[in-house]
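Subject: Structure handover

Hi,

Here is the structure I promised to pass along. Please have it open in your viewer while you read my notes below.

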Amino acid sequence: MNSSCGDSVGGSIPSPPPPDTVVALVAGTGTNLSVLPEHEPQPQQPFDDDDYSGEIREYTGAFEGPEKTLEVMFRRINPLDDDNSSLASDSSGEFNRVGLRTLSRPDLDRICARARCTILSCVSNRYLDAYVLSESSLFVYPYMVVLKTCGTTTLLRCVAVLIELGRKIGLEIDWLGYNRKNFSFPSEQIYPHNSFHQEMDYLYSHRNLCERLDGNGYTLGPVTSDHWFVFVADHTKRYVEDNDTDRVLNIMMFDIDETVAKKFYYDKYEARIGPDETEEEATKRISIEQTKAAGIDQLVPGASIDPRAFEPCGYSMNAILFRSYSTMHITPEEGSSYASFETNQKVTNYTPLISNVVRAFRPKRFVMTLMADEGGLVQMGSNPLFEGSALKSQIAVSFNKTKPGVKSTYKRSNLASIQVEDDVCCMMGNWVLADGPGSEEVESQRPRGLSLANY
């Protein structure tokens, strides 16, 4: 897998470059190295042209696992508006929905269609709705939307619809964040995701977004290896009511253990149990079996879990617990195997969770990112994985249940951090499985449960 080709842009980009140039920057410094001519830019398409993102490409046997993530926070256009004016009870009458949670299913389908994905299932509580998609996940809070899509989806094309639907219910964008890791298969992507420059150009040229917000793009990590692109538009105070957005941790694991990857192939499980089991019931059963076989349920104790197994292979899971979500997405194809775990739980110490996740999938390497505001960092206190020397940031886990004292070590190969806009801190690090005792591929012991979050 070549994870370094394609997106070659670095540093802080305070304004869009001229259409006929590409500005190369040193990651994290904003230093201009060179100005190079670029091919003539692709003409901007109408924002309501859904056909432009509808190109279907044949499956090549490799899949772009790392997700694109769009987080959009809204505020009321008229601060004096009373939320009670938009209250709507769900069918059970157990809780009321306000703000974005009042959007209808056809509205949500419109959003997903722009990204070239569909809604498969949903789990809800009094704080949020979590949707498993054909290509990852959607989380809807009263005043925040988090949309994650993988593969060749066109995530940024959702922005226009989000603005339109928000205005329909009296809301406007207050904060927008977009991030992704560099693509493993960049040539497979389609407009507007052929490069990070193109993605920023698309946002900059967005007539509705740029009337009010102007953001910056950043690159964290080495541009010759795994790195992380971040775009943030934030010139206003966040609307914080009922939002749990202090920090988001994402673990992106590559080259997961083969014995673990095989657990996510659909044909490894009995297709039907008895003549009365429907195809939908079989999918639900196999989804639960895969969840338990990999020990994923133990990573999110106490949460409401919504798993989904895919044919011929692949797996997605959303879990919600009070105001927090956790989500996993797995593509087990040989040569491009990948698993991700993301959560916005308010955990003061992420080390036990990270160890449990890594123990469950035993990747050869993983990328970890943390996005947090200053208040979230204060609540976390010491952060050994993202602070100090590489030696102190090692992660040791036991893969061999017969020799629990023998541990394998993941060493941090590099670290990058930057503060963006007013109070958002982004951290990104790469960890690699070190050679030595315990690094051999062995059957994993079941992961230990995660300590409950502090609410």
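The protein chain folds into eight helices and 21 strands; here helices (H or I, at least four residues) and strands (E, at least two) are DSSP runs, numbered from the N terminus. Please keep in mind that this is a predicted model: local features need pLDDT of at least 70, side-chain atom pairs count only at pLDDT 80 or more, and totals for chains, interfaces and linings use all residues. Residues are numbered from 1 along each chain as its sequence is written, and side-chain values use heavy atoms, with hydrogens and water left out.

**Confidence**

The chain averages a pLDDT (the predictor's confidence in each residue, from 0 to 100) of 79, and 73% of the residues score at least 70. Among the elements, β15 has the highest mean, 98, while strand β2 (residues 32–37) has the lowest, 32. Over residues 1–57 pLDDT stays under 50, and the model has 137 contacts beyond four places in sequence for them; a contact means heavy atoms within 4.5 Å. Residues 84–90 also stay under 50, with 14 such contacts.

**The chain as a whole**

Of the 455 residues, 55% are buried (under 20% relative accessible area; exposed is over 50%, partly exposed in between, with a 1.4 Å probe and protein chains only). Among contacts with a separation of 6 or more, 69% are between residues 24 or more positions apart. The accessible surface comes to about 19,300 Å², and carbon and sulfur atoms account for 51% of that surface; the areas come from the Shrake-Rupley method with a 1.4 Å probe, and for residues only the protein chains shown count as cover.

**Helix α6 and its surroundings**

Helix α6 (residues 279–293) has 15 residues and reaches 21 Å from its first C-alpha to its last, close to the 21 Å expected at 1.5 Å a residue. That expected span is 1.5 Å times one less than the number of residues. Its buried residues include A282, R285, I286 and Q290, and the buried residues of α6 pack against β14 (304–309) and β15 (315–321). Just after the helix, G295 takes a positive phi of about 75°. The loop between β14 and β15 holds P312, which is joined to E311 by a cis peptide bond with omega about 0°.

**Other backbone details**

R116 is not a glycine, yet its phi is positive, near 65°; R116 lies in the loop between α1 (105–114) and β6 (119–124). D255, also not a glycine, has a positive phi of about 55°. It is found in the loop between β13 (247–254) and α5 (258–261) and is partly exposed, at 25% relative accessibility.

**Cysteines**

How many disulfides are there? Counting pairs of cysteine sulfur atoms within 2.5 Å, the answer is zero. C117 is in no disulfide, and the nearest cysteine sulfur, that of C112, is 4.4 Å away. C117 is buried, at 5% relative accessible area. The sulfur of C150 is too far for a bond, because the closest cysteine sulfur, in C117, is 8.8 Å from it. C150 is buried too, with a relative accessible area of 9%.

Best wishes
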